[in-house]
Amino acid sequence: MAKSVAAMVVVVRSFLLCLFSSQIAAAPTGIPSLRPRLPNDTLCNHLILPAGYPCSEHTVQTKDGYLLALHRVSSRTGNISEQRGPPVLLQHGLFMAGDAWFLDSPEQSLGFILADHGFDVWVGNVRGTRWSHGHVSLSEKDKDFWDWSWQELALHDLADMICYINTITNTKIFFVGHSQGTIMSLAAFTQPDIVEMVEAAALLCPISYLGHVSAPFVLRMVNMHLDQMILAMGVHELNFRSDWGINLIDSICDGHVDCNDLLSSITGKNCCFNNSRVDFYLEYEPHPSSSKNLRHLFQMIRKGTFSKYDYGLFKNLKIYGQLKPPIFDLGHIPESLPLWISYGDNDDLADVTDLQHTLKELQSKPELLYLENYGHVDFLLSVNAKKDVYDHMIRFFRSWGKSSSSY
């Protein structure tokens, strides 16, 4: 017992050192630093153009001053400037960015597959991630730059990206979200001015309620109140690509723990992604997020609620005008919004019990696709995802699209 406690202390200490080092030197050679970014260091240039797909970058300024990168992708036989099929926005999950949709071959990656099916593909990148462009007045070294959670990602980042695409294309959009991208969308769709710009939505590993998360590594951090500790210590940016973070991952993977098992302890057992490509994936993932965002998610795990950030009784009263944070009422998502949901039995983050809670609160009856052997990462990186997931999603979009003859 004493040895196991001592080992846990070492792991926690290393983990905290990893967090504290987020402002330290750039990453070692071979792993790109997140800042500063050169003008040609874009998602288009890294993953999309080299695969032969036309790509353009747009900048969206949020209402609170963040500058987000939106990437627009066309099929290899298409032209962005010409009339396209219906627009679809892809929204990534936690510690990811828009590159998550392009990490495998064109035949396996959803971003490429949708483009080849004639969709007008738009790829979102939330604040603080590598591909976005900072803030109109704040530096990424400023504490205030990181003063946000998924609440702001939903009501500002996602809302303003949807509005921008709607303005450019003059039509409603399709939406695809994975993990944190789904919690952002479910919160945003409770707002009438946002949801009216959405034609239909597909949710992969949807999360809103998190009371039944079973991932051992996540629950260990929750029970340790690690989120509160790091905020109390003045750590506001979570950047796992720092020197300490990279060394910690290397030391765990180098003959001590199978990294696939480590991933399973965080996400659940994944059946179908290509383990031989892990080194390539790690060239792009993970991206930074905020400590406040982690805190908000951990609040939801502890309380089993789908609500705004809890500042404590007195600050809640000051900010919200009530002692408890307001809930996001899923019953406010209109019944007329078509929803398609795909989920897996091996997903320890988007638990089936929590999904059932979500479904009970929705007015509509979403179309469901259940995959018994899929884990959280499989919905992005499974070698079989096109057949297992994406073909079904595309059929759903075509059934609801007003211009289905064009794609």
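**Notebook: a site and a helix pair**

I looked up aspartate 347 and found it in the loop between strand 9 (339–344) and helix 14 (352–361), where helices (H or I, at least four residues) and strands (E, at least two) are DSSP runs numbered from the N terminus. I note that this is a predicted model, in which local features need pLDDT of at least 70, side-chain atom pairs count only at pLDDT 80 or more, and totals for chains, interfaces and linings use all residues. Residues are numbered from 1 along each chain as its sequence is written, and side-chain values use heavy atoms, with hydrogens and water left out.

Leaving aside neighbours within four places in sequence, aspartate 347 is in contact with Cys205, Thr267, Tyr374, Gly375 and His376, contact meaning heavy atoms within 4.5 Å.

I turned to the record next, and for "active site" the unreviewed UniProt entry lists Ser179, Asp347 and His376; UniProt positions are given in the numbering used here, feature names are shortened, and annotations may be inferred rather than shown by experiment.

I looked up serine 179 as well, and it lies in the loop between strand 5 (173–178) and helix 5 (180–188). Serine 179 is buried too, with a relative accessible area of 10%, and, not counting residues up to four places away in sequence, it touches Gly93, Leu204, Cys205, Ile207 and His376.

Last, I recorded that Val218, Leu219, Met221 and Val222 in helix 7 meet Phe298, Ile301 and Arg302 in helix 12.

Technical notes:
Buried means under 20% relative accessible area, exposed over 50%, partly exposed in between (1.4 Å probe, protein chains only).
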